[in-house]
Amino acid sequence: MSLDVLPWIILFLPLFAAVMITLLTRHNRTWSAGLSIAAVVLGFLLSVLFVWNAGWQPATAEMSASWLSVGNLQVQFGLHLDPLSVLMMLVVTGVASAIHVYSFGYMREDSGFSRYFAGLSLFTFSMLGIVLANNFFQLFIFWELVGVSSYLLIGFWYEKASAADAAKKAFITNRLGDFGFLLGILTVWTALGSLNFGVLQQKLVDDPTLWGPAAAGAGLLIFCGAVGKSAQFPLHVWLPDAMEGPTPVSALIHAATMVAAGVYMLCRVFFLIQPSGALPAIAFIGGLTSILAALAAVQQDDIKRILAYSTLSQLGYMVMAIGMGGPTPAMFHLITHAFFKALLFLGAGSVILAAHHEQNIWKMGGLRTRMPVTFWTFCFGGLALAGLWPWSGFFSKDSILAQALSAHHYVYFVLGLGIAFLTTFYIGRLLVVVFLGSSRSAACEHAREAPPVMAWPLRLLAVLSLVGGWIGIESVLLKAFPGPSPEPVAGFSQQLAGPFLHAPAAAWSGILVFALGALAAWRVYAGTKSDPLPAKLGSFSRAMRNAFYFDDFYAATVIRFHDFLAVIADWFERWIIAGLAVRGVHGSTELAGRALRRLQTGNLQTYAFLFALGVAVVLYWVLGK
Amino acid sequence: MHAGLEQYLAVSGLLFALGLFGVIVRRNLLVIYMCLELMLNAANLALAAFSRFNNNLDGQVFVFFIITVAAAEVSVGLALIVAVYRKRQVTHVEDLATLKL
């Protein structure tokens with residue numbers, strides 16, 4: 001079997017599982033879970049096999065079949081294989097595998113078990129489709145598929161009104177961004193005449209002036225798609241609400257699929273965005289999202305919401321890196337973030353399960369001794385997120401800060417340091433409050449460690465969170481984006497020391513803010529029973545708790561405006577369409593019918609008379625003239 | 001006095017009108033039936049007269065056909081009337097208005 005078949009198999013395995021579960025094994029829990037897990041794990045193993053044999057830069061970079069052609073629009077269905085997509089394929093299948101296995105333990109008591117795994121498989125399939133797509137059209141289709149699967153999974157517990165609302169909110173907010181994205185794709189096609197990534201890149205390399213005046217608009221419109229999918233300001237509001245889904249789904253959304261799609265897409269088409277001049281706006285939006293979300297995370301009490309705002313903040317970090325012209329650091333951070341955020345969510349899931357679905361961190365506490373595996377793995381995830389050397393987060397965050405320095409964006413460098421401080425602070429708060437001190441509720445006093453099927457994915461991800469920064473991920477990415485960044489060195493020890501050698505300022509300041517943040521978190525929260533910050537910060541703390549009132553602001557403006565439009569449309573429908581047009585036609589027909597009914601007497605002789613009359617009239621007509 | 005075509009046609013038209021009038025105003029099914037026969041025979045008379053005055057046998061052939069068909073029609077019609085009577089015990093048309101909406 002040729003190697004070229006492997007990516008196709010990897011792509012379609014999860015779809016196969018989803019279809020089989022829906023059609024055949026819906027009523028058999030074990031088979032459904034088995035199919036779904038087997039598909040994604042097999043996908044991961046095949047990905048490893050593929051990389052092992054074909055390397056990061058496969059000989060056949062592009063495989064495609066013509067799909068439809070309308071006029072001079074040629075749409076292909078194909079795969080684009082380069083270091084970026086191959087690496088991402090590996091990460092998506094790998095992280096999704098861990099989450100699938102974990103779900104088997106987490107969801108075992110749920111009645112919608114099979115439906116859950118079908119959704120999970122569909123989600124993985126959609127994301128792989130985005131990763132491997134070789135043109136905008138195909139990417140957009142999978143982009144929407146990701147939206148649909150997120151809708152299905154966020155609203156998994158659809159009998160709960162809040163979950164159903166959150167699913168709708170996520171989908172509609174995403175559609176807003178996607179509309180811009182679609183316009184962007186159309187602009188690209190009009191300006192450059194192709195949708196294929198390879199062709200587009202070649203065209204821009206041959207003639208950099210090809211973009212013309214549409215450039216900035218197109219760049220911003222494409223960025224719109226990422227704003228929706230990767231939850232950037234001002235469309236970030238869906239992500240915290242998406243916590244209504246089951247916790248492993250949150251892990252999947254936040255790590256391997258969905259939000260990663262936006263950043264990945266920006267990196268995939270970086271060659272389009274860079275010359276378009278949209279980068280400063282992208283950096284600004286990213287930085288703003290990042291700092292707002294980091295501040296909001298500091299004052300959340302729900303363990304999953306803290307992590308959700310943390311994801312927002314980290315995504316803002318990545319988008320900011322792209323805006324500063326650094327797709328390599330952004331992708332690097334995306335991948336390390338996938339490892340440790342999946343770990344943190346899965347850890348939070350096992351905490352929630354142990355505390356009998358309690359999500360308020362102030363009702364937990366003292367879980368360190370009762371749940372050692374969860375505690376230690378969570379610590380690894382937290383340290384990676386906060387960015388302590390040698391955890392993976394340190395390296396990727398450092399590469400973003402170094403990018404800011406080398407591109408002379410000093411404002412963003414300082415902003416990045418501030419966000420790093422807040423990150424350490426809120427994750428330190430979470431760790432201290434949840435795992436240290438004494439239990440604050442009865443449920444937590446009897447908390448038990450998660451079963452092995454949940455603990456092993458945690459261990460695996462913990463290892464990845466530790467080593468992710470120095471196993472050569474960055475050098476693979478540098479093959480995808482050859483640029484001004486220094487060529488990375490090969491050995492582990494050299495990679496470990498790398499940041500201190502070529503960007504010492506960024507590395508040391510990163511370490512410094514970590515120390516400050518950790519110290520602050522410890523000083524404020526060690527041994528406290530309740531949060532002391534609201535008393536000190538007053539209304540600012542309330543603003544942080546409510547994520548700066550964006551939901552209320554949208555409710556008062558956008559939603560109210562739409563309600564107003566809906567009232568008008570309703571009136572028009574009720575009175576003009578249904579009343580005048582439909583009732584008018586129906587009413588006049590009925591009236592005519594009622595009148596004509598009088599002629600139908602049932603009396604034979606009336607008919608005979610009318611018949612004779614008719615004959616007489618016809619005779620007169622024919623003969624009388 | 002020798003009767004011309006006009007006289008024959010006048011009698012035929014009179015008979016036809018009488019038949020039609022009977023069909024329209026009489027209530028009894030049997031009488032309506034007889035009036036129908038009257039109308040047929042008015043037509044027969046007109047055809048025979050045309051045949052005679054045109055020196056052409058086509059009209060008389062037509063008359064034979066009409067008489068044959070009328071005989072068949074009478075048998076079916078009477079059978080229907082008998083069946084209706086057995087079913088409903090009525091022979092008056094105003095009582096047979098169930099097709100009315």
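## Burial and shape of chain B

Of the 101 residues of chain B, 12% count as buried (20 or more other C-beta atoms within 10 Å of the residue's own, C-beta atoms being placed from the backbone). This is a predicted model: local features need pLDDT of at least 70, side-chain atom pairs count only at pLDDT 80 or more, and totals for chains, interfaces and linings use all residues. Residues are numbered from 1 along each chain as its sequence is written, while chains are lettered from A and ligands numbered from 1 in the order in which they are written.

Chain B has three helices and zero strands (DSSP runs, numbered from the N terminus: H or I of at least four residues for helices, E of at least two for strands). Its radius of gyration, taken over C-alpha atoms, is 17 Å, well over the 13 Å of the globule rule for 101 residues, so chain B is more spread out than a compact globule. That rule is 2.2 Å times the number of residues to the power 0.38. Along the principal axes, the C-alpha atoms fill a box of roughly 50 × 25 × 25 Å.

## Nonpolar cores

The largest nonpolar core has 206 residues (buried Ala, Val, Leu, Ile, Met, Phe, Trp, Tyr and Cys joined through C-beta atoms within 7 Å). Helix 15 (residues 327-354) of chain A gives the most to this core, with 17 residues. Another core, of five residues, lies apart from it and includes Leu20(B) and Ile32(B).

## Where the chains meet

Chain A brings 10 residues to the contact and chain B 11 residues (C-beta atoms, placed from the backbone, within 7 Å). Helix 28 (residues 604-623) gives the most on the chain A side, with five residues.

Definitions and conventions:
Two residues are in contact if their C-beta atoms, placed from the backbone, lie within 7 Å.
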